Amino acid sequence: MVVQADTDPKVTQELRQSARSKYAWTAVRSIPYAAWIATQHVLGLSEQSQHVDIWTRLFVGVGQSLMSGTGTSIAEIQAVTLRPRTVPANTWISMYTSPPPPETGAVDAVMGAINSMVRLEPDVARLTRTPDYVPVEAEWTAYRPGGGKAPLPDILEKEKYSEMMKDVTEPITILYLHGGGYTMLDPQSHRPFVKQLCKRTGGRAYSVRYRLSPQAVFPAALLDAFVSYLTLLYPPPDAYHAPVKPEHIVIAGESAGGNLTMSLLQLLLELRRNNVRVAWHGKEREIPVPAGAACNSPWLDLTHSLIPHGGDKPLKYDILSEPAPEIGWSKSEREDHLWPTNPPRLNFYADDHLVAHPLVSVIGTRPEDWAGSPPIYMCTGWEQLGTEARVFARRLATKTDVPVVFDDYEAMPHCFALIFPKTPAADHCWNGWSSFIKRCVNEPGQIESKATRVIPKTMVEEETDFETLMSLNDDECRTIFERQISPFKVASRL
């Protein structure tokens, strides 16, 4: 499956080199700023010095410059982030590609859910694009104790899978959906992080290479995620694995992968509400829900309607720049042969009439949409996406029967556990994330809703009331989303 900007190795290398040069020049220009940050921090003159260590402050400060001022194009970003990577120490990787089924059942199910959840005017509905099937690649991943830095054995992928399974100690299967704003990164870039979850849970992961934007438009990535879920439940004829019980599957992801995690879960709930069965490799299949969903810094509102109501903390503590709602994220991407698209659209990920759809901007779902959902975990920091995560967690915890575990980290940036993986705060986050996954499989009935504020500098935990997560109430937040001043009209719900 081709998801990269260019398949010509020479062009890809030129794009990669161009991006690296821009990042390097931006880093050099940031040296005076970094010196100023360090001085302010050491002298205790900055607000941030009261909450984070100097290395976190420097990384966030310089990172903000890199995220907002390089002027790289989408093709350059993809070239540099989709490069080949080595297998981390003590890690099993076994590649598998799920072939397109002969039936259109999965495509029909996804498109049916899109149309059954909102009321689109006929002239708008016809603009919705139906994705094609593609072979969906994924990496079976597990912790390899004692493997060290030794390369993986030079054997067939099926044989690697068999060897890998000897080191899997729990029945847990994590369906992992990586982040990257839907425009960059892949399973290879996330190997160290997926390994962490496998090591701490004792289970295995199935890390999916879904189609990226802007080349692929919604619902292509959602279809790939759904195909991967079906692949676990009902293995194609050439698959290595036995059917996985749904009560052993936990969907997980960070950032855009957190969005895709919740979108996939909502798709599964919608299909179940409508008693949809899916034709898949020769049989009509039931669509059960998984054991749980676990998200790190999830991106839940692609319209960014709530970011202006999150205060000034994200501007001080988050590595992400303030987004441009009309395109989906950064204002700084340079035009290239991938963006703008033809036909034109404003948003990287979805056509404009679907950006506010509940399978795109999950913040637009109603409490009743989550009836029958398994337990959900979310964590966030003082980040641009924190407001929507707090609103969503509070809605689920106070207006539904869904068990919700929510960890709110003081002064931490977006996806901090992946950015600073060896810090005490990251270790705390990895433990919370992985222990929730284990509980979903081993003791789901024991999970109760709980919101916790975590102070990374002291590692103090403070249990808090969900109602206190936001000053705006849920009705006010929903009104902001539905009446936002943006190009994206919120369609009526069915």
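Helices (H or I, at least four residues) and strands (E, at least two) are DSSP runs, numbered from the N terminus. All views show a predicted model, in which local features need pLDDT of at least 70 and side-chain atom pairs count only at pLDDT 80 or more, while totals for chains, interfaces and linings use all residues. Residues are numbered from 1 along each chain as its sequence is written, and side-chain values use heavy atoms, with hydrogens and water left out.

**View 1. Y182 and N90 are non-glycine residues with positive phi.** Y182 sits in the loop between β4 and α8 (191-201), and its phi is near 65°. N90, with phi of about 55°, belongs to the loop that links α4 and β1.

**View 2. Two prolines follow cis peptide bonds.** The bond joining F218 and P219 has omega of about 10°; P219 is part of the loop between β5 and α9. From N342 to P343, omega is near 0°, and P343 is found in the loop between α11 and β10.

**View 3. Helices α1 and α4 cross at roughly 95°.** The axes (lines fitted to C-alpha atoms, for helices over the stretch in contact; angles run from 0 to 180 degrees between N-to-C directions) of α1 (residues 9-29) and α4 (residues 74-81) come within 8 Å. The two helices are therefore roughly perpendicular (65 to 115 degrees). On the α1 side, the contact (heavy atoms within 4.5 Å) is made by T12, L15, R16, S18, A19, R20, K22 and Y23. From α4 come A75, E76, I77, A79 and V80. Seven of the residues in this contact are nonpolar, two polar and four charged (Ala, Val, Leu, Ile, Met, Phe, Trp, Tyr, Cys and Pro count as nonpolar, Asp, Glu, Lys and Arg as charged, the others, Gly among them, as polar).

**View 4. An open sheet of ten strands has mixed pairing.** The strand order is β1-β3-β5-β4-β6-β9-β10-β11-β12-β13, where pairing takes at least two DSSP bridges. The edge strands β1 (91-98) and β13 (460-464) each have a single partner, so one side of each lacks a neighbour in the sheet. Direction ignored, neighbouring strands are turned by 20° against each other on average.

**View 5. Strands β10 and β11 run parallel, joined by five bridges.** β10 covers residues 376-380. T380 has D408 of β11 as its bridge partner. Helix α14 (residues 424-442) packs on the sheet and touches β4, β6, β9 (292-296), β10, β11, β12 and β13. The direction of α14 makes about 170° with that of β9.

View 6. At least two lining residues each are supplied by α11 (313-317), α12 (386-399), β11 (404-409) and β12 (450-455). β12 gives the most, with three. The lining contains eight charged, seven nonpolar and four polar residues.

Notes:
Angles under 35 degrees count as roughly parallel, over 145 as roughly antiparallel, 65 to 115 as roughly perpendicular and the rest as oblique.
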